[in-house]
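Visitor: I would like to go through the terms used for this model one by one, and to hear what each of them rests on.

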Amino acid sequence: MQQQHQQTGRRSASSARRLLKKNVGIALAVTATAAVLWSATSASAGTGQSYSGSVVTDVTTAANFDYAAGEIPENITVNPDDSVTLSLLGSCAVCQRTHAPELMRISASGARTVLATGQLGEAISGNTRGDDGTVYYSVFAPGNAARNGVYKLGQDGTSQRIAALPAGAGPNGLAIDPAGDTLYIADSFTSTIWSVPVSGGSVTPWLTDAALAPVPTEALPIGANGLRFHNGALWVSNFNQGTLLRIPVTDTGTAGPIRLVAGGLPNIDDLSFLTPRSDVVFAAQNGSSSQNGPDRSVVIYPNGTYKPVLSSADGLASPSATAVRGNRLYITDGGVPEPHDAKLQTGRINFAALVANAAH
């Protein structure tokens, strides 16, 4: 009987692998994620669990914010100690920019520490973390070339601007190459991705292209938004055009041909990857900011298909960013147009449902 159960389990696992290879092989390509998902599927087959269910479950609110005080979460980085670094915009309809933006760390236990504070009228947008622990963040200072750009947080807690951008630029998402040498900056206004050494210096327009441009007729003309360096390429979302793009970085450091990964996602904001090797993306779709799309988070597969994983029905008012660590998905929610809903949420990723959604 035990041998029969083992043989049945092996046949079920083998069938699950064949099904996954047939239906999801293109979607997940040859990545570490495929192995992870095979393992999850085999476990489900062996234990009789269903493939169906939500991709993200057990969603809880990890932190609430005071929208009227300008605590509007925009971007998020999850740190190795399970703390998170948040960009807080410091601007909202009711406070009329009377509160400065902040960069805040929230520990795993919920303790809050303000790491940096901007000036009135500015916004702290993107943030990222180098492998050495250095924190970088974008400051959008409209019309102020003396403040506009990217800053580095020193070990002593002081901030230094390492990349000055023109007054008309809109620094947003940030990404660092694997070597830790180059910082890339998504400019939401000038159709450009800039590059600069992590040590600081003059910025270089790494790529300027219409695919990165905002749509001038939109209520909020925002182009290139979220930015991640992943698997030898820069991945960038275009907020107005509703696209997710992959731009290879060549051996000489220049931009390769742009590939459209997914379209039809108006107001796509920041993004993150399931694993460092996987091309499965979780993204925030912030419809409330210009009433041009739904408020939801989506999972995007490498073949361009996507599925909603959380929506306004789950309490999302204006999701702006996602981050993944282990089997946890983190989502920032700016609270627009419902100020009481500004928060940070977290949920558990259901790998078996992720496979099932990819196969259908």
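Visitor: Why is Y137 called buried?

Guide: First, this is a predicted model, in which local features need pLDDT of at least 70 and side-chain atom pairs count only at pLDDT 80 or more, while totals for chains, interfaces and linings use all residues. Residues are numbered from 1 along each chain as its sequence is written, and side-chain values use heavy atoms, with hydrogens and water left out. Buried means under 20% relative accessible area, exposed over 50%, and partly exposed in between (1.4 Å probe, protein chains only); Y137 has a relative accessible area of 4%, so Y137 is buried. Y151, with a value of 6%, is therefore buried too.

Visitor: Why is the pair of F140 and F189 called edge-to-face?

Guide: The ring centres of F140 and F189 are 5.3 Å apart and their planes stand at 80°, so the pair is edge-to-face. F140 lies in strand β7 and F189 in the loop between β11 (182-187) and β12 (192-197), 49 residues apart. F140, at 18% relative accessibility, counts as buried, whereas F189, at 35%, counts as partly exposed.

Visitor: How do you know that strand β2 is largely enclosed by the rest of the structure?

Guide: Six of the six residues of β2 (residues 73-78) are buried, so the strand is largely enclosed by the rest of the structure.

Visitor: What makes β2 and β3 a pair of strands?

Guide: Two strands pair if DSSP finds at least two bridges between them, and β2 and β3 (residues 84-88) pair in the antiparallel sense over five bridges. The bridge partner of T77 is T85 in β3. The two strands form a hairpin with five residues between them, and D82 in the turn has a positive phi of about 70°.

Methods
Phe/Tyr/Trp six-rings, centres within 6.5 Å; stacked < 30°, edge-to-face > 60°. Helix = DSSP H or I, 4+ residues; strand = E, 2+ residues; numbered from the N terminus.
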